[in-house]
Amino acid sequence: MNKQSAYSILLFYKYVNIPDAQQFAQEHLDYCKNLGIKGRILIADEGINGTLSGTVEQTEQYMHDLRQNPLFADIVFKIDEADGHAFKKMFVRYKKELVTFRVDDKDLDPNTLSGKKLNPKQFYEQLQRDDVIVLDGRTGYEYDLGHFRNSIRPDVESFREFPQWIREYMSEHKDKPILTYCTGGIRCEKLSGFLLKEGFQEVYQLDGGIVTYGKDPDTKGRLFDGKCYVFDERISVPINHTDEAIIVGRCHHCGKPSDRYMNCANDACHRQHICCEECDSMHNGYCSEQCASL
Ligand SMILES: [Zn+2]
Ligand SMILES: [Zn+2]
């Protein structure tokens, strides 16, 4: 095997009722540490969501073992090749919900209410409809690094802000077909269900999310502009593998095209911002004059 890609990065989730999820999380942490993989896994009563890195052997063992559990027998893994770990530690945490989505009444259950799932090819076809509304199901800073062409940028900083934002800014589109997408698909399972509940008539979601779309041999990531933000040390991954790939991020300081995300060097700020290489050396990693002077 090629030593350069002797590691894999996995991304996966499944909405399924996990009995005694807290106990399961504890055991799963011990298991993961034993196996030697690194990453972040969330366990909730409503399912599992994780991203982790390890050698090809370790990650294959993990996928095999998880599928032995009847709850996760059909779980889908997105696999990226890597030349090392993408995380420093192994976390397995129990949380009340997999993704926090503030809805005033009962919790949304993607197994009972969710938008129609489209594979990448179907999604690509729907993207080209004249009447379609494309809604990014991620936060503003993820959108800024890359997104589907002509999609709407949600002005939210966390997923929990979506319900209010949708009620304020999306209501006029209730009669139009809505395409939703997110990184790996987990957020849209709830977001699309919420849209249906709010009275949107025709709601779709990209099955497997942007990262799956980027691996599709037919679409080759076409119509995705910029890069996809990911929650590991890579920070972003390329999606559009055609000659139409462009940079959509803009340097926070000078406004030039850039897709380098970094955290402000001031620990009290730590603000994530896009910064070109030139400005990085000029500003020493600080997001503002103020942060540099403190
Ligand atoms: Zn710059
Ligand atoms: Zn700062």
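This is a predicted model: local features need pLDDT of at least 70, side-chain atom pairs count only at pLDDT 80 or more; totals for chains, interfaces and linings use all residues.

Student: What makes the protein chain as compact as a globular protein of its length?

Tutor: The chain has nine helices and 14 strands, counted as DSSP runs (H or I of at least four residues for helices, E of at least two for strands) and numbered from the N terminus. Its radius of gyration is 20 Å, close to the 19 Å that the globule rule gives for 294 residues, so the chain is as compact as a globular protein of that length; the radius is taken over C-alpha atoms, and the rule is 2.2 Å times the number of residues to the power 0.38. Among contacts between residues at least 6 apart in sequence, 68% join residues at least 24 apart, where contact means heavy atoms within 4.5 Å.

Student: How do you know which atoms coordinate the zinc ion (ligand 2)?

Tutor: Donors are N, O and S atoms within 2.8 Å of the metal (3.2 Å for Na, K and Ca), and water is not among the atoms, so sites may look incomplete. The SG atoms of Cys-264, Cys-269, Cys-287 and Cys-291 coordinate this zinc ion at 2.3 to 2.4 Å.

Student: Why is the arrangement around the zinc ion (ligand 2) called tetrahedral?

Tutor: Four donors count as tetrahedral if all angles lie between 85 and 135 degrees; the donor atoms here subtend angles of 104 to 114°, which makes the arrangement tetrahedral. Cys-269 lies in the loop between strand S13 (261-263) and strand S14 (272-274), and Cys-287 in the loop between helix H8 (277-283) and helix H9 (289-293), so the pair ties together parts that are 18 residues apart in sequence.

Student: Why is Cys-287 called buried and Cys-269 partly exposed?

Tutor: Buried means under 20% relative accessible area, exposed over 50%, and partly exposed in between (1.4 Å probe, protein chains only). Cys-287 has 5% and is therefore buried, whereas Cys-269, at 30%, counts as partly exposed.

Student: What makes the site of the zinc ion (ligand 1) tetrahedral?

Tutor: Cys-251, Cys-254, Cys-276 and Cys-279 coordinate the zinc ion (ligand 1) through SG atoms at 2.3 to 2.4 Å, and because these four donors subtend angles of 100 to 114°, the arrangement is tetrahedral. The pair Cys-251, in the loop between strand S12 (236-238) and S13, and Cys-276, in the loop between S14 and H8, links distant parts of the chain, 25 residues apart. Cys-251 counts as buried at 4% relative accessibility, and Cys-276 is buried at 10%.

Student: Why is the phi of His-270 worth noting?

Tutor: Most residues other than glycine have a negative phi. His-270, in the loop between S13 and S14, has a positive phi near 55°, and its relative accessible area of 42% makes His-270 partly exposed. Lys-220 also has a positive phi, of about 55°, although it is not a glycine.

Note on methods: Residues are numbered from 1 along each chain as its sequence is written. Chains are lettered from A and ligands numbered from 1 in the order in which they are written. Side-chain values use heavy atoms; hydrogens and water are left out. Four donors count as tetrahedral if all angles lie between 85 and 135 degrees; four count as square planar and six as octahedral if opposite donors are over 155 degrees apart and all others between 65 and 115; anything else is irregular.
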